[in-house]
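Student: I am new to this structure. Please take one part of it and go through that part closely, starting from the overall picture.

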Amino acid sequence: TPFEAAFHASAERHERVWTFCVIVMLALLTIGTMFYVVRDYGLVSATGAFYTDPADPAREAAFADGKIVRTGPNAYAVYVVGRAWHWSPDVIRVPAGAEITFYVTSADVLHGFEIQGTAVNLTAVPGVVGSVKYTFRRPGVYHIICNEYCGMLHHAMVARIVVTP
Ligand code: CUA
């Protein structure tokens, strides 16, 4: 009968609407769960303010720019920020024989700042600035690696220091 046909059409429409709603809710739940899991395990970098020191805006800006600053006739300051999964700046050019002071912090989780082939090794901590001095005697390319597990691409977190003659 026409009445039954209309009833079935209406029932099918309701069924489709509810199926759609259930799929959307499941999708949201899945995405939400993934987001929290990923964030809690440090797989995603939390961007935003990583180092704030209103008393020292110049230093804050230096980190933002990944600066290499000449501080004396044979001295440099290098501002390095670690974040999942790179160091910035990722290429640092300094001359051999110069005294380099590295200032190191992190934008998200803990990273391990290690210059291969040297004794330089410190932990990059969000909100904290660590510093270490080093003089490269031999020209060449040195690698900054990350020695603190920080997620999926931890092993790919490599920057270069080019020491010029
Ligand atoms: Cu950064 Cu491991």
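Tutor: A residue counts as buried when its relative accessible area is under 20%. By that cut-off, 33% of the 165 residues of the protein are buried. Keep in mind that this is a predicted model.

Start with the layout. The protein has 2 helices and 10 strands. Take the contacts between residues at least 6 apart in sequence: 58% of them join residues at least 24 apart. The accessible surface is about 10200 Å², and carbon and sulfur atoms hold 62% of it.

Now the part to look at: strand β6, residues 111–115. Of its 5 residues, 4 are buried, so β6 is largely enclosed by the rest of the structure.

Look at its partners next. Strands of a sheet pair through backbone hydrogen bonds, either parallel or antiparallel. β6 pairs with β7 in the antiparallel sense, over 4 bridges. Here Phe 113 has Leu 122 of β7 as its bridge partner. The two strands form a hairpin with 5 residues between them. In that turn, Gly 117 has a positive phi of about 85 degrees. β6 also pairs with β9, again antiparallel, over 3 bridges. There, Glu 114 stands opposite Ile 145.

Step back to the sheet. It is an open sheet of 5 strands, in the order β4-β10-β9-β6-β7, and its pairing is mixed. β4 and β7 are the edge strands, each pairing on one side only. From one strand to the next, the twist averages 25 degrees. The parallel pairing of β4 with β10 runs over 5 bridges. Val 91 has Arg 160 of β10 as its bridge partner.

Finally, the core. The largest nonpolar core has 26 residues. Phe 113 and Ile 115 are among the members that touch the most other members, as are Trp 87, Val 94, Phe 102, Phe 136 and Ile 161. Phe 102 shows how the pieces meet. Leaving aside residues up to four places away in sequence, Phe 102 touches Phe 113 and Ile 115, and its other contacts include Val 78, Ile 92, Tyr 134 and Ile 161. A second, separate core has 6 residues, among them Ala 62, Ala 77, Tyr 79 and Ala 107.

Technical notes. Residues numbered from 1 in each chain as written. Predicted model: local features only at pLDDT ≥ 70, side-chain atom pairs only at ≥ 80, totals over all residues. Heavy atoms only, no water. Buried < 20%, exposed > 50% of the residue type's maximum accessible area, 1.4 Å probe, protein only. Contact = heavy atoms within 4.5 Å. Areas by Shrake-Rupley, 256 points an atom, 1.4 Å probe, with all protein chains shown as cover. Core = buried A, V, L, I, M, F, W, Y, C linked by side-chain atoms within 4.5 Å. Pairing = 2+ DSSP bridges. Axes fitted to C-alpha atoms, helices over the stretch in contact; angles between N-to-C directions.
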